[in-house]
Amino acid sequence: MTQVPGLFTLVLHTHLPWLAHHGRWPVGEEWLYQSWAASYLPLMRVLRTLADEDRGHLLTLGMTPVVTAQLDDPYCLTGMHHWLANWQLRAQEATTVTSGPDTGYGSPEALRQFGIREYEAAGRALEDFTTRWRHGGSPLLRPLVEAGTIELLGGPLAHPFQPLLNPRLREFALREGLADARHRIAHTPAGIWAPECAYAPGMENGYAAAGVSHFMVDGPSLHGDTALGRTVGDSDVVTFGRDLQVSYRVWSPKSGYPGHAAYRDFHTYDHLTGLKPARVTGRNVASDAKAPYDPDRADRAIDVHVADFVEVVRRRLISESERIGRPAHVVAAFDTELFGHWWHEGPQWLERLLRALPAAGVRVGTLADAIAGGFVGGPVELPPSSWGSGKDWQVWNGPKVADLVQLNTEVVDTALAAVDKAMMHPDAGGRDVVADQILRETLLTVSSDWPFMVSKDSAAEYARYRAHLHAHATREISAALASGRRPQAQRLAEDWNRADGLFGALDARRLPR
């Protein structure tokens, strides 16, 4: 097929909050293990397969430090192994169903056939996990980065909403987040996915000081003109905008691919086994009336949607190149968890797409490739923005979460004062595990996930509990330290670290003074 002008970049943002040791079901570790099994394992398989075909520069993969911490954590690795084994047991149970409705996804024969397929899928996942993941996710990412198969994006520790964060803690979280990637993957990302694509004027200066050369925003931050990367303000830092016209072709509540009738239905469970044996069937079809999942029907739909997306990208590259009078850059960006967790067929679609695009004359590359290839325009002044509802900050500072905004401010002030005092102690100079834990709990308190979940009324009670739990930990340790009870502060820090021991290299001595 005829080569089209420009460059296409697929960007995936991989993020979950810290879930280890903080509940299991319905919100907690189960969320991690479901995403791991359905998205992270298949994605790594897809990337390895394509790398073995000598395909490079496939996509730009954002990995937040809090996710890589969990994928490397021994407790989480053990929990994941148990979860996969349980998945296989549940699938085996489905093969023994003897009663149920005569028709539909819940009929005994439909469940038996589904159970057989799920048992095989769980077995493959177990084999993959036990042979490749035994030392965590970082050893799998490293060769993909080194070979140029992917570009890695980093981010600040614990995914804070940066525009609302104290500048000292903002700088610390970003620098420590980049250092965390270097420790784990032997690579310091040049680009970041700013949490929630949130931006406030002037943040580019902090990025430049930390060595960040490029970051993502949502399309409306660039007034929809996403055909080129743009330098921000007076800096050399480049921002790339998500092309909503292309991205929404996949992830639109009304017309996105995952809602197609042939695909596995995310919301319909078999209550005996916890498996999802139905297909979408129709947008207005009740769960108990859903048809059984048919993998052959789904497979045909994948091919249709790969061809459709390729054509969408081709048309967009041609039209945008004509509009700006030079080869254009098109960026489609999604949460990684869409592929597999929310959309069961997503990893298969992704693998076929990354083969089909070059075959259709579309040049595929990373954000770094876009900079190297000159797909950068003149400077732009970005407005305060995010990729949340309204494309502003309302999800994270609106009336529904005003109490969390106030909580975060108070906790950060308390923590910074306590750490400053600790650093001025006559014996200060070496590593201070008390100060480290205060900052660790503070960063968990200000995670952007908690106000997001409250604003969206998605497990809001759990989100408030987590925010206040980490705030309590911060205050408790800080109070003991401030009152001169260092032995007690030490015990408290050690106790809280048993649950929240992520980011082991975090060092309070690097907090900007």
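Me: How many Å separate the centres of domain 1 and domain 2?
Reply: In this predicted model, the two centres, taken over C-alpha atoms, lie 30 Å apart. The contact between them takes 29 residues from domain 1 and 27 residues from domain 2, where contact means heavy atoms within 4.5 Å.

Me: What makes these two stretches domains?
Reply: Their bounds come from an automatic or database domain assignment, which gives 4–380 as domain 1 and 401–510 as domain 2.

Me: How many helices and strands are there?
Reply: You get 17 helices and nine strands.

Me: What share of the residues counts as buried?
Reply: That's 58% of the 513 residues. Buried means under 20% relative accessible area, with a 1.4 Å probe and protein chains only.

Me: What share of the accessible surface belongs to carbon and sulfur atoms?
Reply: They hold 53% of about 20,500 Å², by the Shrake-Rupley method with a 1.4 Å probe.

Me: How are the numbers set up?
Reply: Residues are numbered from 1 along each chain as its sequence is written. Local features need pLDDT of at least 70 and side-chain atom pairs 80 or more, while totals for chains, interfaces and linings use all residues, and side-chain values use heavy atoms, leaving out hydrogens and water.

Definitions and conventions:
Helix = DSSP H or I, 4+ residues; strand = E, 2+ residues; numbered from the N terminus. Buried < 20%, exposed > 50% of the residue type's maximum accessible area, 1.4 Å probe, protein only.
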